[in-house]
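Please keep the structure in view while reading.

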Amino acid sequence: KRGFLLFLGPSLTLKIFLRTHWLLRRVTYEVAGIKYGDEFQNLALGLSEDLLTSFIVPGETVADLGCGAGRWARASARTASQVFGIDTNPAAISEGESLGGGVQYLNIDLSTNLHEMPEVDLVLMIHFLEHIENPSELLNGLWKKTKRIVIEVPDFEGDPLNYPRLWTGEPFYYDTDHVREFTLTELLSLLNET
């Protein structure tokens, strides 16, 4: 640390260390996902299968938005009467269909074709909202399609190094297709306005 500070100064040293930490964390997370699969992915999130099951009344209908290969959609299908996995990625939908699990997959871009989404009792937005360009518009439209929404987003404040990353212009989110990150205050404000 002293050598870096002496030769590069605090600003450049901080940027180098922040970027190195960011890269190592991202790669380590991906490798852990490869090694441990769904078990790791489920534990890395706030939502668990038990908690998900507590949100679903047996016989209800569920839509998993941004479902990818449908991990949460398949888990929902154990309790719900009908589950829709909705995504814009045809490869993810194809993978989900190959895994079975009683899910009907739909390729819908909800930012332009929300009207194509079926009405359901519960919508899951698990690490989905941070990918949406206009979350207010989507949430306002979703209330016409569902009674309840379960949302999980990455916690910007969960890593204190995100603030210096933001201040120095370094990446502060781990998925390159994120449009934004949310603090709890920002998420609650969005939910209150919609």
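Helices (H or I, at least four residues) and strands (E, at least two) are DSSP runs, numbered from the N terminus. This is a predicted model: local features need pLDDT of at least 70, side-chain atom pairs count only at pLDDT 80 or more, and totals for chains, interfaces and linings use all residues. Residues are numbered from 1 along each chain as its sequence is written, and side-chain values use heavy atoms, with hydrogens and water left out.

1. Start with helix 1, residues 2–44, where Leu8 is placed. Leu8 counts as partly exposed because its relative accessibility is 37%. (Buried means under 20% relative accessible area, exposed over 50%, partly exposed in between; 1.4 Å probe, protein chains only.)

2. Leu8 also belongs to a nonpolar surface patch of about 690 Å². (Patches are made of residues with over 30% relative accessible area and no salt bridge; like charges are joined within 9 Å, nonpolar side chains, Val, Leu, Ile, Met, Phe, Trp and Tyr, within 5 Å. A salt bridge is a side-chain nitrogen of Lys or Arg within 4 Å of a carboxyl oxygen of Asp or Glu. Areas come from the Shrake-Rupley method with a 1.4 Å probe; for residues, only the protein chains shown count as cover.)

3. Five parallel strands form an open sheet, ordered 3-2-1-4-5. Strand 3 (103–107) and strand 5 (146–152) stand at the edges; each has a single partner strand, so one side of each lacks a neighbour in the sheet. Neighbouring strands are turned by 20° against each other on average, direction ignored. (Two strands pair if DSSP finds at least two bridges between them.)

4. Strand 1 (residues 61–65) pairs with strand 4 (residues 120–126) in the parallel sense, over three bridges. Ala63 stands opposite Val123 in strand 4. Helix 4 (residues 90–99) packs on the sheet and touches strand 2 (82–87) and strand 3; its direction makes about 165° with that of strand 3. (Axes are lines fitted to C-alpha atoms, for helices over the stretch in contact; angles run from 0 to 180 degrees between N-to-C directions.)

5. How many of the eight residues of helix 6 (residues 135–142) are buried? Six are, so helix 6 is largely enclosed by the rest of the structure. Among them are Leu138 and Leu139. These buried residues pack against strand 1, helix 5 (110–113), strand 4, strand 5 and helix 8 (184–193). (Contact means heavy atoms within 4.5 Å.)

6. Last, Arg74 in helix 3 (residues 71–76). Arg74 is buried, at 16% relative accessible area. Beyond its neighbours within four places in sequence, Arg74 has contacts including Asp38, Leu99 and Tyr105.
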